[in-house]
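Work through these exercises with the model open beside you. Each task is followed by a stepwise solution.

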There are 6 protein chains.
Amino acid sequence: MVKRIAAFGEVMMRLQVPGYESLAQGRTLNYSFSGTGVNVTSALTRLGHAGYIVSTLPTNPVGDAALSYIQKLGITPSFITRGGDNLGMYVLENGFGARPSRVTYCNRQDSSFNTAPKGTYNFETISEKIDIAHFCGITLAMNDQVRQYMKSFAKAVKESGGTVIFDCNYRPSLWGQEGYEKAKPHYEDMLHLADMVMMNEQDARFVLGMETEKRDRKDQLMDLIPAVAETYSIPVIAGTHRSINDDDTHSLRGFMYKNHSFTFSKTMTFSVLDRIGAGDAYASGMLHGEIKGYSSEKTVAFAAAAGMLAHTVVGDTPTATEGDILRAMTESSSDLDR
Amino acid sequence: MVKRIAAFGEVMMRLQVPGYESLAQGRTLNYSFSGTGVNVTSALTRLGHAGYIVSTLPTNPVGDAALSYIQKLGITPSFITRGGDNLGMYVLENGFGARPSRVTYCNRQDSSFNTAPKGTYNFETISEKIDIAHFCGITLAMNDQVRQYMKSFAKAVKESGGTVIFDCNYRPSLWGQEGYEKAKPHYEDMLHLADMVMMNEQDARFVLGMETEKRDRKDQLMDLIPAVAETYSIPVIAGTHRSINDDDTHSLRGFMYKNHSFTFSKTMTFSVLDRIGAGDAYASGMLHGEIKGYSSEKTVAFAAAAGMLAHTVVGDTPTATEGDILRAMTESSSDLDR
Amino acid sequence: MVKRIAAFGEVMMRLQVPGYESLAQGRTLNYSFSGTGVNVTSALTRLGHAGYIVSTLPTNPVGDAALSYIQKLGITPSFITRGGDNLGMYVLENGFGARPSRVTYCNRQDSSFNTAPKGTYNFETISEKIDIAHFCGITLAMNDQVRQYMKSFAKAVKESGGTVIFDCNYRPSLWGQEGYEKAKPHYEDMLHLADMVMMNEQDARFVLGMETEKRDRKDQLMDLIPAVAETYSIPVIAGTHRSINDDDTHSLRGFMYKNHSFTFSKTMTFSVLDRIGAGDAYASGMLHGEIKGYSSEKTVAFAAAAGMLAHTVVGDTPTATEGDILRAMTESSSDLDR
Amino acid sequence: MVKRIAAFGEVMMRLQVPGYESLAQGRTLNYSFSGTGVNVTSALTRLGHAGYIVSTLPTNPVGDAALSYIQKLGITPSFITRGGDNLGMYVLENGFGARPSRVTYCNRQDSSFNTAPKGTYNFETISEKIDIAHFCGITLAMNDQVRQYMKSFAKAVKESGGTVIFDCNYRPSLWGQEGYEKAKPHYEDMLHLADMVMMNEQDARFVLGMETEKRDRKDQLMDLIPAVAETYSIPVIAGTHRSINDDDTHSLRGFMYKNHSFTFSKTMTFSVLDRIGAGDAYASGMLHGEIKGYSSEKTVAFAAAAGMLAHTVVGDTPTATEGDILRAMTESSSDLDR
Amino acid sequence: MVKRIAAFGEVMMRLQVPGYESLAQGRTLNYSFSGTGVNVTSALTRLGHAGYIVSTLPTNPVGDAALSYIQKLGITPSFITRGGDNLGMYVLENGFGARPSRVTYCNRQDSSFNTAPKGTYNFETISEKIDIAHFCGITLAMNDQVRQYMKSFAKAVKESGGTVIFDCNYRPSLWGQEGYEKAKPHYEDMLHLADMVMMNEQDARFVLGMETEKRDRKDQLMDLIPAVAETYSIPVIAGTHRSINDDDTHSLRGFMYKNHSFTFSKTMTFSVLDRIGAGDAYASGMLHGEIKGYSSEKTVAFAAAAGMLAHTVVGDTPTATEGDILRAMTESSSDLDR
Amino acid sequence: MVKRIAAFGEVMMRLQVPGYESLAQGRTLNYSFSGTGVNVTSALTRLGHAGYIVSTLPTNPVGDAALSYIQKLGITPSFITRGGDNLGMYVLENGFGARPSRVTYCNRQDSSFNTAPKGTYNFETISEKIDIAHFCGITLAMNDQVRQYMKSFAKAVKESGGTVIFDCNYRPSLWGQEGYEKAKPHYEDMLHLADMVMMNEQDARFVLGMETEKRDRKDQLMDLIPAVAETYSIPVIAGTHRSINDDDTHSLRGFMYKNHSFTFSKTMTFSVLDRIGAGDAYASGMLHGEIKGYSSEKTVAFAAAAGMLAHTVVGDTPTATEGDILRAMTESSSDLDR
């Protein structure tokens, strides 16, 4: 049951100030390369599948370094093209307690991925060589060419019989003043094409402009998600509710809506090392559960545990194996394996 | 409402063993330069004011490094003189949980600051170029020449119409066996000159030898501080109560006594990264509130939030902007800004 | 009351990935040298005794580095022989929260210690120069030659009037399929020779195959330990109950069985930096209390505090002085000594 | 004779892979902030003058870090404006022996400096507060707005009686296909305004399109530089000839053309640690010599020694004091001062 | 002309003390994974070919880390099997000047590769999927099973029409007392199967026991290599002469014997950063020249430049692209590309 | 022929900025503990002897760290006393090429060693437990109490039949304006007591005020050293001539004067990593040669090779074994041992 999964999306360079210093205090940066697509396909590679990235990297040492890093993660680089001069970068300064972490983007819009010229990708060929394609809403915010690529690829996948996964993620700062109004039709195009969607009630309310009279988050979720599934004919919708506790631990509960029915994981509470990428881990767990034909209960529990473990590893990219996740679902606490 | 604030005091080199190793276990030291005066004026620089240090640095590479560091913090070095061979140093070994941190001072008494010859500073000229001067009780422990400098500067500031801030801090290990008896008259001299004093009931009891029949700390505070204000004609007295909780978090509550009335902040509880310098952050927040004409409620809340944030940054020196502090006062928890 | 204590056992090289990265993510390793014997005797050296290791190190730069490290800890190297090519190594990847730490052993069986040829040690001579010898059950798992060395040394110590300490520790992965069955007679040989044994009810149940109808751990302990003491004529048996709490703190309670009577420490709860070696700290505290003639209450409290402090220091090897431990037993929380 | 020198130009973030690894091999980057203007004015600050930068930094943590760094170098930040989102960055991978170092620029054109809107700077006000302004030809390559700023500032400086320094540096990769043709008129505008120009015969030949029948570099220099001085009415032209020797040492000879006469330094040969910024050190030495009224011989020797020393320090920015440079001019080799 | 090249051989973990400290002085180790096969196929990957490793890695975190590292180098891991517990390791302490570097092997014989059970590899299947296979004489020293694997694979490659490369490298310390006598027949077996052999006159003399009356190395080479080629019917033999100069630079001259004729590169002299793996770079350059159909002159020059560049990069594994090497062959010295 | 050697002298903390940054540029310091006595006795420990330090370390974490470090070097700490608060420190900034290294002392005069109260050491007892005592002229510069200790110890050693080694080293900056005049009688006292003296003609000229009409250094040496030997009845005088070459290599030639006859080593030329402590290595080599009864030729060659190797190791303290040194004397260059 090994599947071939390709993600379409940007690879970014993460420049992280070590420890808890600010950029002004520090002297060195740790760097790695990530992105939603990298995270999801790398996670699935660790779960035994074959992962691919469909993207463009610059033709210079920064692009070389990104490529090496992606290969290290186990992703097959066959669908990566090279061109342009820039890779999107972001600086991450770790927060501590009452002081939040800060992400500062550097020159994302001009990246090789976002400026890849027409005709860069041959989506028909790629679609024939894969089973599943993953897309993220953040990518929709870039520009018309990228949005067109995204939809073309999704259509090609559908036509060749593949599965389309869409993460309905939305980042307000990237859409400017027009915001939801400008974004909604593009999200709808993707929702119509998708076989599985990652979202929760907030996406339904804000991105799709849906309304509910409920006040409680869970009630809103149970009100809106079935409507989304029906409107856009989406077989599976999944997502999480996440909250931060007073003692800086996080709580996470996963859900899945399939066959007109909701399944919820238990609420997990845990310490957090690096929270970026945890949503991608949840998505990869959900997808793996579906591929393996797990029950909805097991799938949601597996995805939630994958999400929890992703909060405990360094970097954006999940590293857990299937064994690690199954164990985190079932075992009582152990602090040392030897 | 930008003010010019100068602090009189020693600049010290902090040599910190990284992580949680002891000096005997480690191999490297992180170094920075700080001191109460550096902390307070640097914090005020971040809040939009102009900060100065009145001090003496050695004429050698250690002094050069201290100067560069102070400049980096945004402090204007115009009132720094150079002379002598030594900078006070301290080694900091981080504690963990039940194991306390340790500070070992190296050769503080022979520093260039503490041995600066007569006539080193022209306090009249300096006083005309500043609005506010900050002094710390620790400095009183050094020697007669330094004490004389301190009082002369405070008087000059008063004469030129400036404001005098005095932090009533007392460190027993520096005064030897004579202790409070020897220290008290010097503290009193400074209290008579001060427009704002940082202290709490413990300083009143131990340094000033005042007595109270109350047992509860807050009751003692409310009993003694008004007496101090009256005795020494101090317009504003402010300070904090701080405690360490079982789960290694700290709790902090600020107070302010002004116009015969107490104002208290709420008690804040938070995780701690580096506690040295947090009192200086509180003082700088208090001073900023007064400069800006905040209400007492807002000033105390601002100072307490400044103090809390200073526990979350690396090093002795506060780095929060006004925006950071206002946000910490009002916002619900966020763990990532992007 | 300074005693000379020698431990017989393997010195291993600990290769630790810094921070929370996995070996696959990291680039560098921090290395140190440890082992139960190193930990116990080094801890006792810090408590004022003279510590020795009876072991074999390879005749190459790895052995040189181990020797330097042991000397740094204050252990006298007179009873260390050199020979062979290999030092046992293990890679330690730190866990975080829900993700456990992992230890991967590299080539332990072929180490210079485990392959030291017949006649390597002159136990009679050594026994005359020491007061106490320490042995660990892990060592029994190695091979016949090592087991023979261990028992010969213990007998020589007894014959020369010395004291034998045996830590009944058992690691299942080292005994293969035969497991307890193969191990039991060797453990019994050591128990018959021992003056003080470190163990708890689990060792009695699993290693010695003893049975109890009790369900609660403490009840089991109080049921089985007196039987062990009687069966093998052991004057003192001591150990701990340890548990991990939901907020990742640990709880530890020490006990001691002597003169037909149990003494328990209070249950201590604390944050954990590095848990490896904490059992060795407890053992060294127990031994120090007995050497000094502390009351059972004080000895158990001292040992438990030593164990707690060992959780707060970097590396396997305890570093606390007697003063540190006494203070941790009695003082209220302090977070900074200056 | 302390002068106030302001440089107009971009501040860039230098991201350097430590040691000799490539970006693909490495994990961390050392970062600093530099630029021709930063280098020249910081160097002059170390020589006792007051240095300023006229530039724009982004309103985000990257801009904050750049500002702190510039302050650390002793540069007064009064003429720095804040705006925009990007700072120009470059990645530096160190070469070794036969393998050259590589610089990869990231998003330079969209930096806050290069996109600063019309009316950002008040050059009249600035010109009245300084004595000397420094400009670099690299800045001319950016865009029309920047070129216009540059010329306006130079004119304002001339009008207020100040001195204009122009470094005729040209980087082919920044001018695209039109190259010299597009660049020449802008260089000529600056040459007409300049009181001192840094250049050599290659700039005359390639940028200005001048021709010579000589083949030897020195002959070409002596042929063309007087013609440049006459054509553009430039009082002082100075520069260097630099070459790399087989054993990886570098050789440098400085020259100065003033009052119709050439002065050459001796040829200095030396080992190189970091060659970026050495030309800026030469320029600062030349300027310092002229300010101090040194003889041409002493000025050229001083500038060449400043250039040599800049090859021996970490980073782009020179750090030598006047004493360091005078000593390097005169003393025999010493390897340790204590 | 992209070829598929697989190398059969061990992957080792290199543990390098940073800088110039000994293991006893240091605290941290930099680690990477390499081996002749890794080096040669990774280098060819950088030259545009598809590289594979045929090897066995342990089923534990050390094996995971090795796999990630190999993937990062661009090697396709399809022919890697997992099993056993150990990876060969070596500690590298860098020498300086008169003090040589030291390599200490840890537990090489018991590695997963050297203990892979019978039937681990399916050489017939692998041979059909590749064009070229690379073998190294060091591997012959391991044990009978490994030697049998090696010969079986080489035969399978020949049978499926592929090309066999054999590096005649010999390490005395691995063969024990029987030495050359025991080794010779195994080397001869491989020589009979090889299409290209890496060796020089010393291998002929010592491993094959051939005699010559010449004294000069080049004369010996020209005397013996044709005899080797004839005896074992080897189409191409290539290698280098390397020497260390008084100023710690190295000199290298490559040769190639093909069609009864010798071709020599010029002697290149250069500074050395890390000399391990430079021979593998030469071999990969030679192989690339042959694949591309370069003239013998160009092939030898290309291989020698590849070897030189490998001395300038960190780690065992060459990183140069075809462009880097061609440029190093032709260009005059450049020290900075920007 | 294992000897017990004790050195009387100060232990200092070396704080070294890593790489080539200045203290103002850097962020971290590498620290170690050394001193002439530490260097000489540690070097002799590596050569198989038993080394001791007679000194005083502060009773604080800095003293604990120094003690651990000394133990790591293999020195037996039995003669170390604890007291006072300060350890002498120095900051070392590495030079590069034309830029010299800089040493900045911090508070040396107030160190625990230099302020050890009367009666700190029991030299009679110590003298009975050792064979050889080593003293350094630098120590004479400290104060009267230290000078008195030094002479008392030397006398006690002579009285108990031991050997006295005196290194005639002189540091002008420590003696103030009176300089040689004040120093000479103290040096003479030590010379009268010494069995072996480390010095050269410059010490004779400047410290002892001896005159010679020769101009060449070697001629001066051969003129003055026999006179010194006669005047003070010194059996052996040894030392080196050292020079720095244009390519930053150093040259060193050792000499020895014994039985009215000079022996010279060949001149060795080599690259230098860390030159501090190389003189101590020479001294230890000389002493080892004398202990072992080497011929003068072998002793001088051994000492010179020890001195050369000490230039190639990190830190002040020599690390070479007898085997390393013998090999450096005889072997042709090797760059890698494996």
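**Exercise 1. Find how much helix and strand residues 3–224 of chain A hold, and how far apart the ends are.**

Step 1. Helices (H or I, at least four residues) and strands (E, at least two) are DSSP runs, numbered from the N terminus.

Step 2. Check the record. UniProt, in an unreviewed entry, places the feature "domain: Carbohydrate kinase PfkB" at residues 3–224 and 270–317 of chain A. UniProt positions are given in the numbering used here, feature names are shortened, and annotations may be inferred rather than shown by experiment.

Conventions: this is a predicted model, where local features need pLDDT of at least 70, side-chain atom pairs count only at pLDDT 80 or more, and totals for chains, interfaces and linings use all residues. Residues are numbered from 1 along each chain as its sequence is written, while chains are lettered from A and ligands numbered from 1 in the order in which they are written.

**Exercise 2. Describe the side of chain A that touches chain D.**

Step 1. Count the contacts. 23 residues of chain A are in contact with 23 residues of chain D. Contact requires that the C-beta atoms of two residues, placed from the backbone, lie within 7 Å.

Step 2. Assign elements. Strand 3 (28–34), helix 2 (61–72), strand 6 (88–93) and strand 7 (101–106) of chain A each give two or more residues to this side. Helix 2 of chain A gives the most, with five residues.

Step 3. Sort by class. The side of chain A that touches chain D has 10 nonpolar, eight polar and five charged residues. Here Ala, Val, Leu, Ile, Met, Phe, Trp, Tyr, Cys and Pro count as nonpolar, Asp, Glu, Lys and Arg as charged, and the others, Gly among them, as polar.

Step 4. Look for pairing across the two chains. Strand 3 of chain A pairs with strand 3 (residues 28–34) of chain D in the antiparallel sense, over three bridges. A pair needs at least two DSSP bridges between the strands. A:T28 stands opposite D:N30.

**Exercise 3. What rotation superposes chain A on chain D?**

Step 1. The rotation is 180 degrees, with 0.1 Å of shift along its axis, and the RMSD is 0.0 Å.

Step 2. In chain A, the C-alpha nearest the axis belongs to A:L29, 2.5 Å from it.

Step 3. The same surface serves both copies: 100% of the contact residues of chain A recur in chain D.

**Exercise 4. Which strands pair with strand 4 of chain A?**

Step 1. Strand 1 (residues 4–8) of chain A runs parallel to strand 4, joined by five bridges. The bridge partner of A:F8 is A:V54.

Step 2. Strand 5 (residues 80–82) of chain A also pairs with strand 4 in the parallel sense, over three bridges. A:S55 has A:I80 as its bridge partner.

Step 3. Seven of the eight residues of strand 4 (residues 50–57) of chain A are buried. A residue is buried if 20 or more other C-beta atoms lie within 10 Å of its own, exposed if 12 or fewer, and partly exposed in between; C-beta atoms are placed from the backbone.

**Exercise 5. Is A:N259 buried or exposed, and what is its phi?**

Step 1. Locate A:N259: the loop between strand 12 (250–258) and strand 13 (261–264) of chain A.

Step 2. Its phi is near 50 degrees, a positive value in a residue other than glycine. Most residues other than glycine have a negative phi.

Step 3. A:N259 is exposed, because 9 other C-beta atoms lie within 10 Å.

Step 4. B:S233 is in the loop between helix 8 (217–232) and strand 11 (236–244) of chain B. Its phi is positive, about 55 degrees, although B:S233 is not a glycine. With 11 other C-beta atoms within 10 Å, B:S233 is exposed.

Terms used:
Least-squares fit on C-alpha atoms with pLDDT ≥ 70 in both.
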